[in-house]
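Student: Could you show me how to read confidence, a helix and a pocket from a structure file?

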Amino acid sequence: MRARLALLVAAVSVLTLIAFLVPLALLVRTVAEDRATVRATADAQSLVPVVGTADAATIRLTVEQLAAESGRPVSVFLPDGTVLGAQTPRTPAVALAARGQSLTGESAAGREVVIAVQGRADGTGVIRIVVPQHELTAGVTRAWLVLALLGVILVLIGLLVADRLARTLVRPISDLSAVSHRLANAELDARVTPAGPPELREVAGALNHLATRIQVLLVQEREQVADLSHRLRTPLTALRLEAESLRDPEDAARITAAADGLERAVTGLIRQARWRHSPTGPAASDAAAIVADRVAFWSVLAEDTGRAVTLDLAPGPLPVGVAADDLAAAVDALLGNVFAHTPDGTSFAVRLAPDAGEVVLSVADEGPGMPVGAVRRGASAAGSTGLGLDIARRAAQTAGGRLELRTGPRGGAQVLLRLGPPTSPRQA
């Protein structure tokens with residue numbers, strides 16, 4: 001922006017100076033020519049009394065003295081054809097002046113001033129003085145250089161002023177851009193100091209108001225999520241009490257463990273919703289251990305619903321760049337979708353293996369397949385919340401990977417979760 005403003009000012013300044021200096025330069029040259037012509041005419045006029053009354057010897061002496069003083073060729077043409085002073089042939093201007101008409105004309109040697117002298121007894125004499133070109137242009141080159149230097153100085157001053165003015169505009173805009181990027185990076189306490197023209201000050205105030213409003217809305221949303229999560233503790237407590245009343249110790253232990261895990265998840269959700277801090281370092285977890293644990297958890301439900309589970313787990317550890325809780329939530333979301341969107345008795349397979357520097361988790365079922373747009377957050381064609389696949393996608397992006405939807409080997413849905421290592425997270 002500064003460069004464009006400077007270019008605009010330079011263009012306007014140059015055009016203005018051209019429109020002003022070119023006529024001024026031509027005027028300087030005209031004034032110099034007229035000044036030299038006036039001096040030559042005055043010298044010629046000084047010879048008129050001598051040429052009109054004196055004899056040839058006196059005229060010759062006077063002409064030679066004037067030529068020596070002025071440095072110009074001076075000639076006097078007498079009526080009898082005698083040429084005194086500079087010996088030059090008669091020019092058309094001299095012939096015209098011999099008829100009694102004084103004039104100024106141009107010749108190859110310069111500008112000639114011709115004056116007719118009447119009153120001589122033998123006819124009309126003619127005085128001719130030639131003004132050479134160097135005298136006509138004396139001082140013009142220096143004046144042009146001064147004008148050109150003045151023009152350059154004016155352009156530079158204009159550029160300096162334009163740069164100062166542009167800086168007063170660009171600096172507030174740069175501050176606005178920097179604060180916008182900080183807000184985009186979740187630095188909600190970033191604010192811009194209003195500066196510059198009134199329009200930019202208004203924009204800065206609007207951006208600060210927007211940041212404050214976003215901060216307030218996020219706080220309200222986190223409080224609502226925390227309150228909603230807190231309400232889940234009451235049914236969890238009831239579920240734990242019911243589990244303790246079961247007669248089968250294994251069933252009681254299994255349900256109690258599930259309730260404990262759910263309570264830990266709810267507590268983590270409350271803590272995350274109310275106190276969000278930037279991570280101090282790259283997140284990491286062992287994908288092999290987490291997938292094995294979650295598949296074992298869901299296998300009990302799979303057995304109850306008549307589903308065959310195939311687990312192909314590469315030997316661990318398999319470190320990935322995502323927190324253990326987030327990865328566990330992603331695996332639960334993928335396995336939960338199998339149970340939620342396929343009929344009982346549908347088999348599914350879970351495979352975890354390294355692939356080209358990444359760890360790939362595959363969940364494939366033999367159900368009806370995945371509808372188009374299923375990964376869109378909040379959208380579900382099966383009556384669910386529509387958040388499961390989005391949770392898995394965000395976990396993959398945290399690890400520098402991605403989520404892929406495919407058709408499984410046996411016609412059902414297949415979800416691939418590609419996870420990068422913790423040492424080199426990439427932005428998806």
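Tutor: We take confidence, then a helix, then a pocket.

Tutor: This is a predicted model, in which local features need pLDDT of at least 70, side-chain atom pairs count only at pLDDT 80 or more, and totals for chains, interfaces and linings use all residues. Residues are numbered from 1 along each chain as its sequence is written, and side-chain values use heavy atoms, with hydrogens and water left out.

Student: Where is confidence lowest and where is it highest in the protein chain?

Tutor: pLDDT is the predictor's confidence in each residue, from 0 to 100. The protein chain averages 81, and 86% of the residues score at least 70. The lowest mean, 67, belongs to helix H7 (residues 233–244), and the highest, 91, to strand S1 (residues 74–77); helices (H or I, at least four residues) and strands (E, at least two) are DSSP runs, numbered from the N terminus.

Student: Which residues of H10 are buried?

Tutor: An α-helix has 3.6 residues a turn, so residues three or four places apart point the same way. Buried means under 20% relative accessible area, with a 1.4 Å probe and protein chains only; in H10 the buried residues include Leu327, Ala328, Val331, Leu334, Leu335 and Val338.

Student: Which element gives the most to the lining of the second largest pocket?

Tutor: A pocket is an open set of points on a 1 Å grid over the protein atoms alone, where a 1.4 Å probe fits, with protein on both sides within 12 Å along at least five of seven lines, and lining residues have an atom within 4 Å of a point. Strand S9 gives the most here, with 4 residues.

Notes
Buried means under 20% relative accessible area, exposed over 50%, partly exposed in between (1.4 Å probe, protein chains only).
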